[in-house]
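Thanks, everyone. Let me put the model on the screen, and then we will walk through its pockets, sheets and helices.

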Amino acid sequence: MKAIDIDVGGTFTDLVLSWDDQRLVAKAPTTPYDLSVGFVNVLTAGAEQLGLALDDLLPQVEIVRYSTTVAMNRLIERKGPKLGLITTEGHEDAILIGRGAQWVDGTRINERRNLAVQRKPEPLVDRDMIVGVAERVDSAGTVVRPLDERDVRDKLRRLVDAGARGIAVSLLWSFANPEHERMVRRIIREEYKSYHVGYLPVVLSHEVVGKAGEYERTMTAILDAYLQTSIKFELETTWDQLRNHGYTGSFLLTHNTGGSAEIFKTTASRTFNGGPVAGLMGSYHIGQALGYRNVIASDVGGTSFDVGMVVDSSVRSYEFRPIIDRWMVGISMLQTTTMGAGGGSIAWINSLLGNRLEVGPRSAGSYPGPACYDLGGTEPTVTDADVVLGYIAPDSYFGGNMPLNPDLAAEAIRTRIAEPLGLELDEAAALIRRIVEENMASAIKREVHLRGYHPEDFAIFAFGGGGPTHVAGYRAEVPTAVIFPQAPVFSALGSSVMDIMHVYEQSGRLQYMAPMTGEIVIDADEFNTVVDGLIERATTDLQAEGLDAEQAVFSVELDMLYGGQVQVKRVASPLTRITSADDAQRIYDSFEKEFSDAFSPHVVNKPGGVYLDAIVLKATIPTQKLELEEHELGAADPSAARTTSRSAYWPVLDQRVDTDVYSFEALRPGNVVTGPGIVEMEFSTIVVPPGQQLRIDRHGLGILSGADADADTDPAQTAADRAAKGAER
């Protein structure tokens, strides 16, 4: 298999190049002015490792998979076009009113506590760009008021005259009967034809979210319309570069659902969290191969810190209230947490809080980057602190291709942090590092505890360029951290083992269990008709992408809830069709078990009945998974891998110590580096503080744990056993 997997982050663009039995990695700085430049640079770096020109490499590649945060970045920057919204007359203010908690949607906990400054987000569509048209469809899909086409044309012209460069259409109950939305699009195409220079992108809400929830469905349509133009430009340029260099295969994008699909079958909002989801899915697939049932996926990049969880060998934990930026949406999103903490996070003194030192959420990004990059940045960052403390060698950063200036790092920390706070330089740098790691540890604890689990029952996978450098400080109560040779490009590695997966949803409340009697009353024919229709759509899409639909594995998930409750639980159905009473009972039993595990057996409410809110079909084309080699464990002595030593400051010792430096690639299975120690990788550095140790396991992975870990046991297997026991509890 010859495949390319790309992850575009805020600071670096990562590549995993699968070439038959080889997996090569490369990184290049992200070029925010034109992402295709960094894309070509990293492809060229990968091709050079094979001794090939790009024009010789790409024609042989079978598939390119791409995960990106373009949508996230463009939304944060508010660089979308002016939009118009066409909705049902009388519902023009729905998105402005929002849901009850809209004012805290997408905010951090410390922001929510400051009630005095809370305000709703600035709308993406101004009130004067929202029009209501004369029409009405009821909840059963029956037309109550026919669409007034003249009214649509008049109000459409008003929007275009006011400067609309894209149109979102969201009519009431359109998912039950989409005919009126389709008529509106036909009218727009008649008035403003697609082959004219002033082409108007049109997004219909029922096509992006085919389920109930007026606010969520409308906001998803608006976000797709808002992001479509900028993402289309970025990806078209990248697509053109691939074609210009001879690539003829598929171009797949990573989705929030944990799957991937062709660029031509992907809406903008579904790529929003692509990078973190790719890392989470990589943790899931590789964790399974290693025997880990419970994994915390932690990704430390240049601008953000992302956390996801694999629980009991499953990632089927979806956001109950999925939020994109500041808006609730109706699409399925795997649950991940992102915070502004990374190598480029800026350290600053908060004078309003008694000169308290804060780190993030602002980031120096890739340009100008940390002060030590010597690209014009003057503010101190986490990477500058790592350089000052002696953990990162300035001459070998980024594989030696990007030498750093330690004097600029020291100057930035000294003048902006150390002197104002009355600290020594090393103390100030150590304080920056401690604060960012405590913020990361807090995010992990909050994520684990709020979901009802214990950190000691998990292993943590540390990846991203900064994960190995900081995991010793943020793993907190998690006993074991696993560091992969491909850790700096792990999200790209994750996309290389992800399955090709399409997700289809159809809303419509069905009664599953009768109240009081507990009798299962689901209409099996109606259930099967919906599933068969979704399978037919999926088969058509897979064939259109040139995929073998016969290889597809179809699975069904159901959004179910008890009567009298609002908490919907998405449950994995053991069956795709209901053909007997036993089938229906098996599905209910699965729901009750998953509901009990998630919320508590004490809130199971069978007397209230059970309702089915949505049917979700997943069409999966399995891909080749990563094979991990096994080696015999050798001696613990790592001295053969020692390359040099350098002065490094260790806060727990309160002094600088001449510290041994090792090459990760030269360490052999069984070797143990006892802290203090520094282990250098090609694109990252593992920091092993006093009191901790790094073992190389039988797969060649680094296992970071307390220095009192049993040297006669394989720490990877011990962690897997502990995680399995935790899942059984």
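The second largest pocket has a lining of 49 residues, with Gln22, Arg23, Gln486, Leu626 and Glu627 nearest its centre. This is a predicted model, so to speak of local features we need pLDDT of at least 70, and side-chain atom pairs count only at pLDDT 80 or more, while totals for chains, interfaces and linings use all residues. Residues are numbered from 1 along each chain as its sequence is written, and side-chain values use heavy atoms, with hydrogens and water left out.

Terms next. On a 1 Å grid over the protein atoms alone, a pocket is an open set of points with protein on both sides within 12 Å along at least five of seven lines; a cavity is a set where a 1.4 Å probe fits but cannot get out; lining residues have an atom within 4 Å of a point. Points are joined across faces, edges and corners, and a volume is the space filled by probe spheres set on them.

The second largest pocket holds about 1300 Å³ of space. Its lining splits into 23 nonpolar, 13 polar and 13 charged residues. Nonpolar is Ala, Val, Leu, Ile, Met, Phe, Trp, Tyr, Cys and Pro; charged is Asp, Glu, Lys and Arg; the others, Gly among them, are polar. Strand 3 gives the largest share of that lining, four residues. Strand 3, strand 4 and strand 11 each supply at least two. Strands (E, at least two residues) and helices (H or I, at least four) are DSSP runs, numbered from the N terminus.

So where does strand 3 sit? First, its sheet: six strands, open, in the order 3-2-1-4-11-12, with mixed pairing. Strand 3 (22-29) and strand 12 (260-262) are the edges; each has a single partner strand, so one side of each lacks a neighbour in the sheet. Two strands pair if DSSP finds at least two bridges between them. The twist averages 20° from one strand to the next. Strand 2 (residues 12-19) runs antiparallel to strand 3, joined by eight bridges. Trp19 has Gln22 of strand 3 as its bridge partner.

Two helices to point out on this sheet. Helix 1 (residues 35-49) touches strand 1 (2-8), strand 2, strand 3 and strand 4 (63-68), and its direction makes about 140° with that of strand 3. Helix 15 touches strand 1, strand 2, strand 3, strand 4 and strand 11 (250-254), at about 135° to strand 1. Contact means heavy atoms within 4.5 Å. Axes are lines fitted to C-alpha atoms, for helices over the stretch in contact, and angles run from 0 to 180 degrees between N-to-C directions.

Helix 15 (residues 490-497) also packs with helix 10 (residues 274-290), at about 65°, axes 7 Å apart. Among the residues that meet are Gly275, Gly279 and Gly282 in helix 10, and Phe490 and Gly494 in helix 15. That contact has five nonpolar, eight polar and no charged residues.

The search of the whole structure finds one of 30 Å³ or more. The largest cavity has about 50 Å³ of space. Its lining includes Pro276, Gly279, Leu280, Asp299 and Phe463. Helix 10, strand 13 (295-300) and strand 14 (305-310) each give two or more residues to that lining. By class, the lining has five nonpolar, three polar and two charged residues.

That is the tour. Over to you.
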